[in-house]
Every structure is written in C-alpha cells, then in structure tokens.
Amino acid sequence: MNKSAETIMTDKPVIDQHLQGEHEHKDPVGAKMGMWLFLMTELLLFGGMFLIYGTYRYMNPEAFHSAAQELNTIIGTFNTIILLTSSLTVALSITALQKGNRTLSVLLLAITIAFAFWFLINKYFEWSHEIHNGIYPGSSELTNRTNGEILFFGLYYVMTGVHGIHVIIGIVILSFMLAFIVKNKVTPENYIRLEISGLYWHLVDIIWIFLFPLFYLLR
Amino acid sequence: MANHVIAENYVDFYKEKGKHTGLGAWLLTTDHKRIGIMYLVAIVTFFLVGATLGFLMRLEMLSRGRTIMDPQTYNSLFTLHGLIMIFLFIIPGIPGVFGNFFLPIMLGAKDVAFPRLNLLSWYLYISGGLFAVVSVFLKGGPIDTGWTFYVPYSIRTGTDVSWMILAAFILGLSSIITGLNFITTIHRLRAPGMGWFKMPLFAWALYATAWIQLIATPVVGITLALVAVERLIGIGLFDPSLGGDPILYQHLFWIYAHPAVYIMILPAMGVVSEIIPTFAHRTIFGYKAIAISSLAIAFVGYFVWGHHMFSSGMSDTARWIFSLTTFLVALPSGVKVFNWVATLYKGSIELGTPLLFCMAFIFLFSIGGLTGLVLGALATDIHLTDTYFVVAHFHFVVFGGGGFIFFGALHYWFPKMFGKTYNEKVSKAALGTMVIGFMLLYFTMFILGYEGMPRRYYDYLPQFATLHIVATVGSWILVGGILVMIGNLLVALKKGKKASMNPWGGRTLEWTVPSPPPVENFEEIPVITHGPYDYEYNINGDSDKMEENYH
C-alpha cells in the first residue's frame, strides 16, 4: 500500500519525507475541510445578494411579480435539469475513479464539462433574447418602467451573471482535473483534488437551485 | 521533552539552502516563517505610508483655512489614510505577520495546512496594495469617499472608486484564504497531546479571528463589487433614483465592517494573553474564560452592526436592540481585561518592553472601550455622531489597541524572529514618547468632539483652534516616538547581540526552538504533556543547557 492510501486509512496528516524543505502535506481531511470553509464563504457571497433580493422583493412585491412573467421558464427549467444532471455525472466520475476505472471517470468528467457549456449556451440565448427586447441595465425600455422592475432585472443580471462566472470557473477547474487524471496526477489512490472540485461543482449547482425559483417560478 | 533534542549542526531558516536562491528564495517560498517576514516588510511599509498621510492631515489642521493643501486633497487624504490603515495594516497585521510566523510553531507543526495557498494570499495582499496605490495616480484622481464607500456619493463621484474597490475585494480574498488556512491548521496540525484547551491563547484568538474573516468578508466583498457594477452599468441596486436603497448598502457594509473591528482587536488580545504570563512568570488567570471570550466576542460582534447607523434611519426597536447588543459585547472584553490584571496580581513581574506595551494597551484600550459604550448609548450617540469623539474612540481602540500591540508583538518575538536583541532602554523611551503623543493627539479629540467639532471637516471655528494645535503637536511627538522605535529595531537587526533561545522565559513552544528557528521548526514533532503557561513545570534547567550547545 502506498503512502497516500495509508493516509486515507489512518485519517491523520502525513508529511511526505521525499520533498525536503518544501514538505508536501497529504491530508485529505484537511483539504476537504479547507474546501468546505471556502464554500461557506461562497454561500455568504451569494447570501449578501439574496438579502438584497429579499429586501427589494418585500418593498416591491407587484413589480417583482409582473417582471418575473417576462423570463423564459422553459429555458430556466431546462438549465436546472442540465445542472442537476451534471452534478450527478461529476459524483459518478469521482466514484468511478475511486473504483479504479480511469476511462469511465474521464468520460463522465467530460460529460459534466459538456453540460456546463450547454448551460452557458442556453444562458447566452436567454440573455440575448432579453437584450433584444431592450431589457438591460440603462436601456431606455427599462428606465421607463417602475423602480421595482428595474431592480428585478438589475438583480437578475447580477445574480445569474455572478453565478455564470462560477460556472466558468467550474469549467476551468474540472478541465484541470480531467488533464490531471489523464496525466496520472490524480489517481485512484490520490483523488482528493477531484473530490473537492466535485464539491465546488455541487455548490454551483445548489446556488442555481435557489436562483431558479426566485427568478423564474415566483410569478 | 523530545523537542529539546536538537541537532548541533542546526541551520536557521534564513540560511537554509532551498530550491531557489536570492530573491526567489523569498518570492517563491512556502515557508510560513519567510512569508511572515515578507508580510512584516510590506505591512510596516504601508503603516508608514498611512502614518505619513495622517501626519499631513494633522499638519493641515494646525491652523484655520488652508495650511498646506486644498479641501479636495484633504478629502482624499482621510480616505486613503483610512483605507491603508484598515485594509493594509491593521486587518492583515498581526495574523499575517505573527500568525504566520508563530501559529505553526506554537501548535508544534512544521507549517500551516496549505503552504502554497499561504504564499498566494501574500501575493493577493501585495496586488491589492498595488491596485490601491495605482488608483491614486489614475485620471480620476485619488478616491474621496471616505473608507466606507457610502452610496450614493461613491456612485456619483468622479474619482477612481472602482479601482479602490477592486483592491479592497482582492485584499478581502487574501484575508479569507489566510483565515481558512489558519482554521484548518488549528483543526488538523496540533501536536500530539495538544487538546483544544492546551493551545496557547494566541492560537485561540487567531481561531476566533479566522472565523470572522471567513464569515464577514464575503458579504462586504459582494457589496463593494455591486457598487463597482453600479458605477459601470447602473443596475440601480444602490441608486435611489432607480429605486435602490442607500441604507441597505450601509447595513450590508457594516454587517462586515463591524465584525472586522474584531478582526483588528482579537489577535492583539491574543498577543497580550501571551506576553502577560511570560513577564509575570505566572500561569494566566482564567485560561478558559479568555479562550471562550474570544469566541464570544466574535459571535456577539455579528449582532451590533446597527450601532454605526443610529442616526441614518432605523426603527426605534432596531436601535435599542443594537444598543443592547453593543453593551453585551463589552462583557467578554471586560472578562479579558480583568483576567490580565488578575494574572499580574502577585506575579513576579519583570518590566520588559513587551509588558510595557501591554500596559499601554490595557490603558488605551480601556479608554477606547469605555468611550465605545458612550457611543453605544442612543441618547449620547445622537449628540456625538460624526464628531471627533468617534474619531478619538476608534483610534484608541484600533491604534491604541491593535496598533500598539502589533509593535508590542514585534518587540516580544523580535529575538525569536531575527535571533537578535534590541536596546530595551531606547525601546522603552520610544514607547513612553508614543503614549504621551498619543494621548495629546487623540484624547484632545474627545474634547473637540464633545464640543461639536465634526469629523472629516477641512476647516473649523475659532473656538477649536487651541485644541487643534495641541492635537497636531501630539501627532509630532507620536510620529517621533514611532520613528525612534523602528530605528531602534533596525539598528538591532544590524548590530544587535545574538539572542538566546528563550530570552523572556516563555513557556509556549516557540521558546523551545532555536532563535531564529530552523526551516522545519522542530527536529521532532513535540508531544504535549502540560498546559501552555504551566510555570510549576520547570523547563528552564534543560533549555539553558541546550543553549550552551548552540553558541
């Protein structure tokens, strides 16, 4: 049994003696803890925006209600299904690697990345449709509407935009993981980097789970 | 104890030949000690810049009307002074320098949990600092909104707000990464036998601080980012003409920025809890109370932000609740002060420079804390809002508290970090000068504020002239003291005598390794059998013997 597998078994941090000076930690529990802490900060980042959303919805209930009618629920639902499925594929990819099936793991990861692109492409069409209708920050169409509607669409662009940035970051991270598996840097014995990347991807998914009903379904 | 057995051919971390040489040995290092030193250089530099700006502001206030600058420059100076001192000096100060250098050693670890992330967080700090500096020289001119970036002015002003916001955002990310690194380190890398209640109190303080960094910073990050987006494309979220609510911005800002006050003070309290038992040669009084009160301050600190907004439009119910919670936060702070004083009682006190820094801290911080209660009470706050009283209060807490202890910690750990001793007579004289200058400068501001001098004003009425002159003279004395103190340490770096392993007789783990420590800190990871301030347990005998082997 090699060093990293031992680490997982004993659940204690082990210092790799091969690298002198730049001692490399092998502490999967610590790595996971670090990622969970980071995910908590991400939740709070969005938490600030959810707070703004809650306040303005409370102040402008009718305007939020009528503005939501203009969003395309079909694309929204479709994107929800895409993201949920991609969360499943990334989880399967981790399990596949744990069980030693590298090929399947790579394939599932590639499918996850493809889903992520698909989500962004749908988002692109959705946004272009809104912008085509003249609904974007500062447009004459939007500034003529009530303040509540301006706030709704302001929040819509900002929150789905920040979420979109997270999807792009997720694509970059997952692509690195794919390359690492191919190059044997992430292996069935040492898969912690893939595992915490998966955690990040689940976060991207779960934030969308909240954005979807707040913007598309509450109408 | 196993950690006393150290190889005779020990190489300290400055001389260790790593993968990289020259500048690369610093800029590409993942050694927590080198990163700590790099923070020290950067943070002291920014402190001197911030102090210079403050000095110039005081010079402007020496006489009525224009003295050395125009009003717009003055607006920029108080903004930059605040931003630099808060985001680049006091928030990263103690955790960045002493947390990095000493947390792993005090826990009996070889490094932090994520050494490479640690280096990344230093680079983020530096790039945040550079963005802040660059923003001053851009076309729009230096930012003039005050460090709080209050809307709607921060949306309308022609100065370069967005760059400064980018800088604050990056600095926040750096702070978050340091925080999650420390939390993971404390959870995962304590030496065998070091239970939670055998950790040094500095580690407890850093732990509480790290949680605040993690929980509060993202909220202000997104809030400031939204101001930048507002300036860029006008989404209306904080713009009243588009339906946005400026008060909501203030809430979101203070939800972070008040807990951030505890990011500034908690690590300082941790340092004081280290220095006092060392110089009283006595176990700390109420170890658990101090440890838990750190967490209590961190927790209650989340529910007091509204006291920054008593006069900006909140319901009466909200105001008295925030007033009540503000008074509550004084309790754990009081617990700490009483415990420190009780530790000194019947101790065999040695009046070393670091202890004198702690005395100055307790004195200044208590004044700052008690005047905080004056501001936390609704009726008096209405009278004192936005006056020099507030300015005096937060300088007593942040500078008299956090700032003084940053330098106190430097004097405490200087022999360990650099392996040199400094001239204690000069350092004590410098500290005395600083306290006198400090009192002249800031205590005067309490009176000015009480009499009605508004903060951030470029000019003042004739009746305030005398006190303004006193305050400005105080600023000269204070700056003089600071320069002597830093000069003394620089001389010590060049000419100081070699420091022994344990010059103060401290009991925590950093005093069981050589000064300066070797790259891996410990030859062998220590096994902890006793508490951090256990003065009944005698380590002096064999540690002295060890030193003879070295020199």
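A polar contact is a pair of N or O atoms within 3.5 Å; within protein, one must be able to donate a hydrogen and the other to accept it, and residues adjacent in sequence count only if both atoms are side-chain atoms. By that rule, three residue pairs are in polar contact between chain A and chain B, both residues at pLDDT 80 or more. This is a predicted model, in which local features need pLDDT of at least 70, side-chain atom pairs count only at pLDDT 80 or more, and totals for chains, interfaces and linings use all residues. Residues are numbered from 1 along each chain as its sequence is written, and side-chain values use heavy atoms, with hydrogens and water left out.

**Interface**
- Contact, meaning heavy atoms within 4.5 Å, joins 36 residues of chain A to 40 residues of chain B.
- The two chains bury about 3100 Å² between them, 72% of it on carbon and sulfur atoms; buried area is the accessible area (1.4 Å probe) that two parts lose on being put together, summed over both.

**Salt bridge**
- One salt bridge is counted between chain A and chain B, defined as a side-chain nitrogen of Lys or Arg within 4 Å of a carboxyl oxygen of Asp or Glu.
- R188(B) pairs with D27(A) in a salt bridge through their side chains, at 2.9 Å from N to O.

**Position of A379(B)**
- A379(B) lies in helix α12 of chain B, residues 378-384; helices (H or I, at least four residues) are DSSP runs numbered from the N terminus.
- F310(B) is 69 residues from A379(B) in sequence and 9.7 Å away in space, C-alpha to C-alpha.

Key:
Chains are lettered from A and ligands numbered from 1 in the order in which they are written. Helices (H or I, at least four residues) and strands (E, at least two) are DSSP runs, numbered from the N terminus.
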